[in-house]
Amino acid sequence: MINDLKKEVQEAEFAEKDSQEDYEKLMSDSKLKRAEDASARTEKQGALADTKAELLALESEKTDRTGELMSNKEYLSKLHADCDWNLQNYASRKSARAEEVESLKKAKDVLNGADFSLVQTNSKPALLSKSREQSCSASDMEHRRQIQAKFAMLQGFCEDMCKVVGKHPDCAVCDGFIPPDATPGVQTWDELY
């Protein structure tokens with residue numbers, strides 16, 4: 001029985017020693033695990049803070065872009081309305097511009113001495129009495145005089161007319177025409193000397 005008791009004590013000491021080693025290993029593993037968990041928590045808190053900051057920046061950018069989108073849509077709707085108006089009135093505007101260009105060409109020819117009094121403007125010939133013919137001629141002369149007086153009052157008219165007929169800035173007909181500066185805001189050697 002003493003041997004059995006010694007054997008049991010010895011077995012109990014071995015079991016206690018194994019249990020102590022297991023406990024110490026468990027404690028060191030737990031300590032390492034706590035350190036790893038603390039490190040992971042710190043990293044995750046930093047990532048969360050970064051994500052929140054990024055979210056705020058993206059929300060701000062979204063607000064800015066939403067405002068920009070709304071202003072672009074508003075501009076597009078105004079532009080669309082303008083384009084619709086231009087499309088609807090294109091034919092009338094085109095004919096009005098053609099008539100205006102033709103009138104300006106005739107006005108230029110009148111200023112250069114052309115005589116349109118015998119030009120027939122209707123497709124059907126009209127027989128005019130002498131008095132009516134003289135009245136039209138006098139009216140035409142008065143109209144020419146008024147146009148020439150208006151043109152004389154308007155300085156730069158020749159240049160404006162050349163712009164309308166597409167001759168500006170290569171106008172050689174206008175008296176005293178000075179071509180526009182080819183390099184505005186920049187002095188060339190010719191301008192310096």
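The chain holds five helices and zero strands. This is a predicted model. Along the sequence, the pattern reads α-α-α-α-α. The chain has 193 residues, and 6% of them count as buried.

**Whole chain**

- The accessible surface of the chain is about 17400 Å². Carbon and sulfur atoms account for 56% of that surface.
- Contacts between residues at least 6 apart in sequence can be sorted by their separation. Of these contacts, 43% join residues at least 24 apart.
- Helix H1 covers residues 2-88, and helix H2 covers residues 90-111.

**Salt bridges**

- How many salt bridges are counted? The count comes to four. Among them are Asp37 with Lys33, Lys78 with Glu74, and Glu100 with Arg97.
- In general, side chains of opposite charge can pair when their charged atoms come close.

**Asp37 and Lys33, in helix H1**

- The closest N and O atoms of Asp37 and Lys33 are 3.4 Å apart. That pair counts as a salt bridge because the cut-off is a nitrogen-to-oxygen distance within 4 Å.
- Both residues sit in helix H1. Four residues separate them in the numbering, about one turn of the helix.
- Asp37 is partly exposed, at 38% relative accessible area. Lys33 is partly exposed too, at 46%.

**Lys78 and Glu74, in helix H1**

- The side chains of Lys78 and Glu74 form a salt bridge, with 3.5 Å from N to O.
- Helix H1 holds both Lys78 and Glu74. They are four residues apart, which is about one turn of the helix.
- Glu74 is partly exposed, with 45% relative accessibility.

**Glu100 and Arg97, in helix H2**

- Glu100 and Arg97 meet through their side chains in a salt bridge, at 3.4 Å from N to O.
- How far apart are Glu100 and Arg97 in helix H2? They are three residues apart, so about one helical turn separates them.
- Glu100 counts as partly exposed, at 39% relative accessibility. Arg97 is also partly exposed, with a relative accessible area of 47%.

**A nonpolar patch**

- Which residues form the nonpolar patch on the surface? They are Tyr23, Leu26 and Met27.
- Tyr23 is placed in helix H1.
- Tyr23 has a relative accessible area of 46%, so this residue is partly exposed. Patch members need over 30% relative accessible area, and Tyr23 has 46%.

**A negative patch**

- Asp18, Glu21, Asp22 and Glu24 gather on the surface. They make a patch of negative charge.
- One of these residues, Glu21, lies in helix H1.
- Glu21 has 45% relative accessibility and counts as partly exposed.

- Leu104 belongs to helix H2.
- Is Leu104 buried or exposed? Leu104 is buried, with a relative accessible area of 17%. The label applies because buried means under 20%.
- Leu104 and Val165 are 61 residues apart along the chain. Their C-alpha atoms are separated by 8.2 Å.

Conventions. Residues are numbered from 1 along each chain as its sequence is written. This is a predicted model: local features need pLDDT of at least 70, side-chain atom pairs count only at pLDDT 80 or more; totals for chains, interfaces and linings use all residues. Side-chain values use heavy atoms; hydrogens and water are left out. Helices (H or I, at least four residues) and strands (E, at least two) are DSSP runs, numbered from the N terminus. Buried means under 20% relative accessible area, exposed over 50%, partly exposed in between (1.4 Å probe, protein chains only). Patches are made of residues with over 30% relative accessible area and no salt bridge: like charges are joined within 9 Å, nonpolar side chains (Val, Leu, Ile, Met, Phe, Trp, Tyr) within 5 Å. Accessible areas come from the Shrake-Rupley method with a 1.4 Å probe; for residues, only the protein chains shown count as cover. Lys and Arg count as positive and Asp and Glu as negative; His and the chain ends are not counted. The place of a charge is taken as NZ of Lys, CZ of Arg, CG of Asp or CD of Glu. Contact means heavy atoms within 4.5 Å.
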